[in-house]
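Please keep the sequence and the structure in view while reading.

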Amino acid sequence: MGKSRFIELMAKRVGKTATEKELKELEIFLDRFPEYKKMQKVTDALTTDLKQQDPAVKQKDFSEGIEELWYKIKNSGEGQVVFEKRNVRSLIYWRVAAAILLMLTISGIFFYTNRQLADNQLTKVIIRHVYVPYGKTAGIILPDGTKVKLNSGSTFSYPETFSKTTREVDLEGEGFFEVTKNAKKPFLVHTNTLTVKVLGTVFNVKAYRNDKNIETTLLTGRVQVELKDKPEKSIILLPNEKLIVDNNISGILNASAANAREAKIEYQVTALPRVSAKGIKETAWLYNRIVFTNQSFEEVAKQIERKYNVQITFEEQSLKNEQISGVLENESLEQALEIIKMTTPFKFRIDGRAIYLAHIGNAIN
């Protein structure tokens, strides 16, 4: 609508000469821009005031008032539109910015929460500890389904939930492992001297702190053994092989070298004899047996202590070094000592859980 047409319609409306069509045209304009209705009220008030003044100045003042009103309406309307556009643009801008900020905030919270959760999970890993006293054995099924049997006098630790990349446990004592296969998560047994790494296999680890040697015996599969003091040493065991490592890495081995495939200063790999599973001395404890062949009396005595929950004291060092052979199974402690006496003469005294051994003819406590 042009300026002249607006003034004409407003004048006819004030002068009450406007037709219905013209009033409708003006109404449509005002409806289109409702914010001008307020200005319409001002116009009405202005014309009312003018009507009360001198008729000589009425038309002039009225015309000037209409001109001023048009100017205000137009400027006000244009400003309003621009302002709204700016508002719209600003609103869109801030909405986008707010959305981005919200996304970043949510992402940050999500990342932080996950990080915190991961950290908490790391810091809140529950480690289970198992101690098996002398005279007892224990069986455990780990979270991955791996079966572990622990011999007397063993301490075993494992997480309630394994990590995403490895399955790691700690052992001091003796354990027989039937590891569930998982090529993506190697199974590691840490001892004081070495680490056994497997993917899925059956093996026995004997790692008592006070034994002269640490032994790893492989029945099926394949294992890799790393010496803690010499990590560059990576030893691969094949089925029916046994690795013997000096417990102190002193360079002195006590195992027989008769079946040695590889003999170095720190460790030795030997082949197991071809006997039934029950006849393998390294795993005889699984059947509540002690099998010993040309072993020192001192070594056999440690096995007797664990099986019978006793403490043995040798009165003479020479008796410790006696080489003895035999099989102990379901005998009582006294019967077991009598069996050993058949090949190695000695006398003994039992005082509760304390056992004293001495050569025949020597004094005994």
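In this predicted model, strand S4 (residues 154-159) has 5 of its 6 residues buried, so the strand is largely enclosed by the rest of the structure. On one side, S4 pairs with strand S1 (residues 127-132) in the antiparallel sense over 6 bridges, and within that pairing Val-132 has Ser-154 of S4 as its bridge partner. S4 is also joined to S5 by 3 bridges, and these two strands run antiparallel as well; here the bridge partner of Thr-155 is Glu-172 in S5.

Strand S5 (residues 167-178) in turn pairs with S8, again in the antiparallel sense, over 6 bridges. How many residues of strand S8 (residues 202-207) are buried? The count is 6 of the 6, so S8 is largely enclosed by the rest of the structure. This burial concerns both faces of the strand, with Val-202, Asn-204 and Lys-206 buried on one side and Phe-203, Val-205 and Ala-207 buried on the other.

| Strand pair | Number of bridges | Example of facing residues |
|---|---|---|
| S1 and S4 | 6 bridges | Val-132 and Ser-154 |
| S4 and S5 | 3 bridges | Thr-155 and Glu-172 |

Leu-218 is located in strand S9 and is buried, with a relative accessible area of 0%. Although Leu-218 and Val-202 are 16 residues apart in sequence, their C-alpha atoms are 6.4 Å apart in space. Leaving aside residues up to four places away in sequence, Leu-218 touches Thr-201, Val-202 and Phe-203, together with others including Leu-237, Leu-238, Pro-239 and Leu-272.

Thr-283, by contrast, lies in the loop between strand S14 (267-271) and strand S15 (290-296).

Turning to the helices, H5 (residues 297-308) and H7 (residues 333-341) pack at an angle of about 165 degrees, with their axes 11 Å apart. That angle makes H5 roughly antiparallel to H7, and the crossing of the two helices is right-handed. Phe-297, Ile-304 and Tyr-308 in H5 meet Leu-333, Ala-336 and Ile-340 in H7, so that by class the contact has 6 nonpolar residues, no polar and no charged ones, where Ala, Leu, Ile, Phe and Tyr are among those counted as nonpolar.

Finally, for the chain as a whole, there are 7 helices and 19 strands, and buried residues make up 38% of the 365 residues. Among the contacts with a separation of 6 or more, 46% are between residues 24 or more positions apart.

Note on methods:
Residues numbered from 1 in each chain as written. Predicted model: local features only at pLDDT ≥ 70, side-chain atom pairs only at ≥ 80, totals over all residues. Heavy atoms only, no water. Axes fitted to C-alpha atoms, helices over the stretch in contact; angles between N-to-C directions. Helix = DSSP H or I, 4+ residues; strand = E, 2+ residues; numbered from the N terminus. Parallel < 35°, antiparallel > 145°, perpendicular 65-115°, else oblique. Left-handed = near helix turned anticlockwise from the far one by under 90°. Contact = heavy atoms within 4.5 Å. Buried < 20%, exposed > 50% of the residue type's maximum accessible area, 1.4 Å probe, protein only. Pairing = 2+ DSSP bridges.
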